[in-house]
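Please look through the sequence and the model below before reading on. The paragraphs that follow take up one chain and then its partner.

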Amino acid sequence: MSERDAMSETRDCGGDAAAYALGALEPAEAEAFRAHLGRCIVCRDELAAFQQVVDVLPMTAPQYSPSRRLRRRVLRTVRDEPRSAAAPARRQARRGGLSWGSFPRPAMALAVLLVLVVVGVGGAVLSSTGAGHTRVIQASVVGTAGSAQLRLRDGQAKLIVNHLPLPPAGHIYEVWLKRADAAPAPTSALFSVTSAGAADVDVPGNLSGVSQVLVTPEPAGGSRVPTHAPVIVAQLA
Amino acid sequence: MQHVHDGDARAFEVIFDRHGGAAFSLAYRMCGRRAMAEDVVQEAFLSLWRSGARYDRARGGVRSWVLSVVHNRAVDAFRREVVRDSRDVRDDSIAERMPASDRTDAEVERRQEAQQVRSVLDELPPDQRQVIELAYFGGFSHSQIAEMLKLPAGTVKGRMRLGLTKMRLALGDPSGLAL
């Protein structure tokens, strides 16, 4: 396969980048385009250029000041809902117990498929060094040509990704911790990737009892339950 | 932003005061209704607070990030509605005007740059501007737009591409604008 073929396959490169940047692709099309981005620098570059234009479209709206009532509402809720970055367990408890019943149905179906994928693919412990006891787990990356590793050392975890496509317009990648018999728990780790598809992400929270570290694309700001199938799965146990 | 990430409500208040106007303006532009726009803005800022306000600087400034959350929440709100007509998303009529005031040189500069972007958008051929506005401010997919306008899906995507390309050329490097 020539380099051009490898870059473009049978897709009209750039044809979907504008619609994707505007958030105007259907979900299945957006997923396919994200997979394509992992293989096509032409579309990655065009998307980056279009995204810069889309990011300034809000400036064209007539500008108003928010009402004092809105300001009071937002700030009162924030003051009534203290949050500490040092207490992720309390944050999760405040969200209430998560259960499989809290999954939206499409995500439930995808989650079932995910289980089958994970059982079939799994994760591999690549290395475990002596001093410092770094454990490196090769994660499964679904739907793209990217790669991801989870590095565990002294109770801390870092996710290292390469060649991962940009998240959909208006979305960001979110890291989840999954324990057996429990739905994935959200973390405060939200990230995007560089133009090369790279990111180093500190995974917060206590990994005790965690069987999987997952990454899904979520609306910017994160979600309480996954709204998309995982694109990265690191199997710890 | 680090203070917000660390749970500092006062830092979050600063973020809201700096970007709440732009957030509400976008939400109002999209929703067309003040109450709905306020709900969207509240939902967006609270999601930022609850997520720890962690964002990727490589994707732009804080305002760009805040507005992307607002945009996404507005689209989510549209999808929750049972029926939503293909309203004229350029409807500027409002019951109560609350114009933002020019308080600082930065805000004056921002207004001037906003006028520049608005002019570039207005100078697009109407068919290109229409599909961009329906997609971004209306939250419609290209296939919904194609159905509304009785056009082939490829035509809609093509107009989007041409329009954004023209805007990119006219604006130079939009990332330098004081968003």
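This is a predicted model: local features need pLDDT of at least 70, side-chain atom pairs count only at pLDDT 80 or more; totals for chains, interfaces and linings use all residues.

**Chain B and its interface with chain A**

Residues are numbered from 1 along each chain as its sequence is written, chains are lettered from A and ligands numbered from 1 in the order in which they are written, and side-chain values use heavy atoms, with hydrogens and water left out.

Chain B has 8 helices and 0 strands, where helices are DSSP runs of H or I of at least four residues and strands are runs of E of at least two, numbered from the N terminus. Of the 179 residues in chain B, 49% are buried, that is, under 20% relative accessible area with a 1.4 Å probe, protein chains only.

Turning to the interface, 75 residues of chain B are in contact with 62 residues of chain A, contact meaning heavy atoms within 4.5 Å. Across this interface the rule finds 7 salt bridges, each a side-chain nitrogen of Lys or Arg within 4 Å of a carboxyl oxygen of Asp or Glu; a salt bridge also joins the side chains of A:Arg71 and B:Glu13, at 2.9 Å from N to O. Among the elements that give two or more residues to the side of chain B touching chain A are helix H1 (2-5) and helix H8 (153-171) of chain B, while the largest share, 13 residues, comes from H2(B).

Technical notes: Buried means under 20% relative accessible area, exposed over 50%, partly exposed in between (1.4 Å probe, protein chains only).
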